[in-house]
Amino acid sequence: MSFSKAQDLIRLAQIAAARRGGITLEEICAEFAVSHRTAQRMTEALEGTFGNVEAEDGLDRKRRWRLVDPGLARLQLRHETGIEALEIAARTAEAEGRLRHSRALDDLREGMLARVPARARVEADAEAVLTAMGQVMRPGPRVSLAPNILDAIIEALRGPFRLRVRYNQDDATRILEPHGVLLGHRTYLAARDPAKAEEVRNFRIDLIHEAQTLNESFALQDGFTIGDYAAQAFGVWQDPEQFGEVIWRFAPEAAERAAGFRFHPRQVLEREDDGSLLVRFKASGWLEMTWHLYQWGDKVEVIAPRGLQTLVNGYQRSDLKALP
């Protein structure tokens, strides 16, 4: 067995031990980027190497492999990547004002390091990578958020519990029902204000001046997911009146660069005969689209909607020296 295959086998054993329900062939294929037949060989190697492997068929008729009482604590793979990932996540959380998450991630990092025999070497290797990744923090301006406000929102989302806030310049307080948070150049709380409307809408977190989690639970809107809600917008701003099909055409000389962008999670790309690229998706938020499209100068044309055309036409510069 090659070293890489041995490492994969140990990692498979760790996954089979960590997941309560075990791991399926489909999950092995996705986790290790292997074919179905290779996944089968890996489970055979798992059963042949470890004497405490259980294979059971679930109600969905899928077989799952798991390790019972594995005792794998001494079979640890290299920790550098885990340390780096936790450090990057902690720095990101701190920069966004999520101090509670930052502290928790730091604690996880310390706990992982405490179990590593060669702590000094692992820390040095991880620090070398982090030092070289100086641009890992998101560049550009962003609105500062109050950590105590974010803490209250996070606590409310756990319930879910209602949230009493003082918003914008209002003297009166509002009772909101939080459904999620949208991160961007501005960070928004997606919440329902039942005193005013039943639909979920956005509240700028930097305009929430006071927030208190109440001991009052509520029912989330039927079928709501933050992913579906976020997909209704190009950026973070939601405007139901603007929601509809968006079509952009990128010139042939910009098509390859544009093809590398994920403008929207549900976008469809189409190559045209002349080498140009059509990008289609459904969303709202024309102003945020306009901000982004300006960077492409005269290398992009708005086909739809007409309202976005009006915002963009006449402002497409030809003298921009670089594409995004």
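Mentor: Let's start with a term: pLDDT is the predictor's confidence in each residue, from 0 to 100. You need it here because this is a predicted model. The protein chain has a mean pLDDT of 85, and 87% of its residues reach 70 or more.

Trainee: Which elements have the lowest and the highest mean pLDDT?

Mentor: Helix H6, residues 119-132, has the lowest at 65, while strand E9, residues 244-250, has the highest at 97. Also look at residues 134-139, where pLDDT stays under 50. The model has six contacts beyond four places in sequence for that stretch.

Trainee: Okay, on to helix H5. How do you know that its span agrees with the 16 residues it has?

Mentor: Take residues 99-114 at 1.5 Å a residue, and H5 should span 22 Å. The C-alpha atoms at its ends are 22 Å apart, so the two values agree.

Trainee: Which residues of H5 are buried?

Mentor: Ser102, Leu105, Arg109 and Leu113 are. Viewed down the axis of H5, these buried residues fall within an arc of 80°, so they line one face of the helix. As a rule, an α-helix has 3.6 residues a turn, so residues three or four places apart point the same way.

Trainee: And what is exposed on the other side of H5?

Mentor: There you'll find Asp107, Leu108 and Ala114 exposed.

Trainee: What makes H5 roughly perpendicular to H7?

Mentor: Their angle does. H5 and helix H7, residues 147-158, pack at about 80°, and their axes are 8 Å apart. Angles of 65 to 115 degrees count as roughly perpendicular, so H5 gets that label relative to H7.

Trainee: Which residues meet between those two helices?

Mentor: From H5, Leu99, Arg100 and His101 meet Pro147, Asp151, Ile154, Glu155 and Arg158 of H7.

Trainee: Why is arginine 37 called partly exposed?

Mentor: Buried means under 20% relative accessible area and exposed means over 50%, with partly exposed in between. Arginine 37 has 41% relative accessibility, so it counts as partly exposed. You'll find arginine 37 in helix H3, residues 36-49. Its C-alpha atom is separated by 9.1 Å from that of leucine 25, 12 residues away along the chain.

Trainee: How many helices and strands does the protein chain have?

Mentor: It has 11 helices and 12 strands. Of its 324 residues, 37% are buried. And among contacts between residues at least 6 apart in sequence, 56% join residues at least 24 apart.

Definitions and conventions. Residues are numbered from 1 along each chain as its sequence is written. This is a predicted model: local features need pLDDT of at least 70, side-chain atom pairs count only at pLDDT 80 or more; totals for chains, interfaces and linings use all residues. Side-chain values use heavy atoms; hydrogens and water are left out. Helices (H or I, at least four residues) and strands (E, at least two) are DSSP runs, numbered from the N terminus. The expected span of a helix is 1.5 Å times one less than its number of residues. Buried means under 20% relative accessible area, exposed over 50%, partly exposed in between (1.4 Å probe, protein chains only). The arc is that of the directions from the helix axis to the C-beta atoms. Contact means heavy atoms within 4.5 Å. Axes are lines fitted to C-alpha atoms, for helices over the stretch in contact, and angles run from 0 to 180 degrees between N-to-C directions. Angles under 35 degrees count as roughly parallel, over 145 as roughly antiparallel, 65 to 115 as roughly perpendicular and the rest as oblique.
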